Amino acid sequence: ITCLVMYLFAEFDDAANLLAANPDATTISIDEPAEIPKNQHSRLQEPGREEDDELLGTDDSDKTELLAGQKKSSPFWTFDYYQTFFDVDTYQVLDRIKGSVFPVPGKNFVRLYIRSNPDLYGPFWICATLVFTIAVSGNLSNFFIHLGKPTYHYVPEFRKVSIAATTIYAYAWLVPLALWGFLMWRNSKVMNIVSYSFLEIVCVYGYSLFIYIPTAMLWIIPQRVVRWVMMVFSLCLSGSVLVMTFWPAVRDDNRRVAVATVATILLLHALLAVGCLAYFFDAPELDTPAPIIPAHNSTGTTVITKSH
Amino acid sequence: FPGLADVSISQDIPVEGEITVPVGSQSPDDDYSTLDEPVKDTIMRDLKAVGKKFVHVMYPRKSSALLRDWDLWGPLVLCVSLALMLQGGSADSKDDGGPQFAEVFVIIWFGAVVITLNSKLLGGTISFFQSLCVLGYCVLPLTVAMLVCRLVLLAGAGTGSFVIRLIVVGAMFAWSTLASTAFLADSQPPNRKALVVYPIFLFYFVISWMILTFTPQ
């Protein structure tokens, strides 16, 4: 990866100077030269191709010199290096969460909200909350489903917390790693205008998981139809955030590769949701009324009721 | 000093005056003398410090005593007693039982470390061990809640006892969160307070959940 960084820095020397991104060994940010590291939410991009050709106006050129010096890069073994990934305020985190729940068609989540300031606070704590929400909600829903049965003894099912934690953190970190590696590899073959750094991809995935937190809480309702409707709804919302983020990054590529990439992203996302629903939440019992089978025999009618 | 080059000090002008030396410096002898005190005094002094911190947690005021003289004895005692009381639950042969001793221990200490790192990364000015100390001591209300729950469960495990346990655990959870927020809030940057308080809320929520779902055999 260090060789790749050196190569790309040689290629985009001016851009790197303007951007003053963290020139560390593990992440690179090779946005187009016009991208300015800003923390304000002032600019809205027009949909379509224009969002890639964000032109550098002359009034911003002096700002870039000022802003270029702001992000100090420390070596990765110091504490200050990691502090740069937590450089967000409360309102910024809330804005990013809002942007992941209400995706605006045509607006790219990374360009609009992250804007070269990816944070690790959101992904980490959203994943932690999701882990505990799924475990607690699953436990509660199983309790309500099996309540009243004479053979049922409540157990807290604490093992499922560690299983949930492993699954969700693996998804939120390994899938972005694979996607970033894949995008880097494609970038070396086809020059894309839009590309993301590893932390930006982690950020998008982390914030896109937020919608599953209220969904998991609503999955306590023991109705199959309700659960599947909630799942499809949240899948659409978070899937659309991911698609709108990654489609501009692959659309310059071969058509089939682009479609296959986006389809894989969505498939993995759906797999996570379906897997969580299937494993942590027991199937609700079918709510059939007890069938009454009258036995026609000579001694009289015997009513046999069958109930689960 | 060129202007004073021609001034010569005569050898035979006596120098007089008074110099007052502050009479300090007998306290180092007192400090070292704790080596000679009876062991009971040493232990009682530490126990009193821990006890005073317990009182500070139960009646949280903005005092800096908890922060200044941090120690980790109290958190250790609380963590071990909470983990011990959470044993003897549905720890039958099935795997899906309650948390094991090691799991409770790891959750409390690892959770406290992660929250401390989080607050330091967001720019907090509190030191690492001070924050661990506060988070550990504020587990005290939840330990009291666990004690109450076990006593209530001795009387019965029906719906009434569940309602009582829910109210007690809920109240103690609120108390823990408010106490730790009262101690830690001042050291955070002002526009990131919510970002620091939320993980503390999650931490005590998880501990409360473990306490509430404790079911005896």
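Buried means under 20% relative accessible area, exposed means over 50%, and partly exposed covers what is in between, using a 1.4 Å probe and the protein chains only. Keep that scale handy for the tour.

This is a predicted model, in which local features need pLDDT of at least 70, side-chain atom pairs count only at pLDDT 80 or more, and totals for chains, interfaces and linings use all residues. Residues are numbered from 1 along each chain as its sequence is written, chains are lettered from A and ligands numbered from 1 in the order in which they are written, and side-chain values use heavy atoms, with hydrogens and water left out.

**Stop 1: chain A**

Select chain A and colour it by secondary structure. You will find twelve helices and two strands; here helices (H or I, at least four residues) and strands (E, at least two) are DSSP runs, numbered from the N terminus. From the N terminus on, the order is α-α-α-α-α-α-α-α-α-α-α-α-β-β. Of the 308 residues in chain A, 46% are buried. The accessible surface of chain A is about 15700 Å², and carbon and sulfur atoms own 68% of it; such areas come from the Shrake-Rupley method with a 1.4 Å probe, and for residues only the protein chains shown count as cover.

**Stop 2: a helix pair**

Now select residues 159-189 and 255-280 of chain A, which are helices α8 and α12. How many degrees is the angle at which they pack? It is about 180 degrees, with the axes 12 Å apart; axes are lines fitted to C-alpha atoms, for helices over the stretch in contact, and angles run from 0 to 180 degrees between N-to-C directions. That angle makes α8(A) roughly antiparallel to α12(A), a label for angles over 145 degrees.

Show the side chains that make the contact (heavy atoms within 4.5 Å). From α8(A) they include I163(A), Y171(A) and F182(A), and from α12(A) they include I265(A), H269(A) and Y279(A).

**Stop 3**

Click T261(A), in helix α12 of chain A. Is T261(A) buried or exposed? T261(A) is buried, because its relative accessible area is 7%. Leaving out residues up to four places away in sequence, T261(A) touches L179(A), F182(A) and V250(A).

Next, click L177(A), in helix α8 of chain A. L177(A) is partly exposed, because its relative accessible area is 40%.

**Stop 4: chain B**

Switch to chain B, which has nine helices and zero strands. Of the 217 residues in chain B, 42% are buried. Chain B exposes about 12500 Å², with 68% supplied by carbon and sulfur atoms.

Zoom in on residues 128-137 of chain B, helix α6, where eight of the ten residues are buried. Among them are L132(B), C133(B), V134(B) and Y137(B).

**Stop 5: where the chains meet**

Finally, show both chains together. The contact takes 26 residues from chain A and 31 residues from chain B. The area buried between chain A and chain B is about 2700 Å², and carbon and sulfur atoms give 65% of it; buried area is the accessible area (1.4 Å probe) that two parts lose on being put together, summed over both. Which residues in chain A lose the most area to chain B? They are W125(A), F158(A) and R159(A), which together account for 25% of what that side buries.

Technical notes: Angles under 35 degrees count as roughly parallel, over 145 as roughly antiparallel, 65 to 115 as roughly perpendicular and the rest as oblique.
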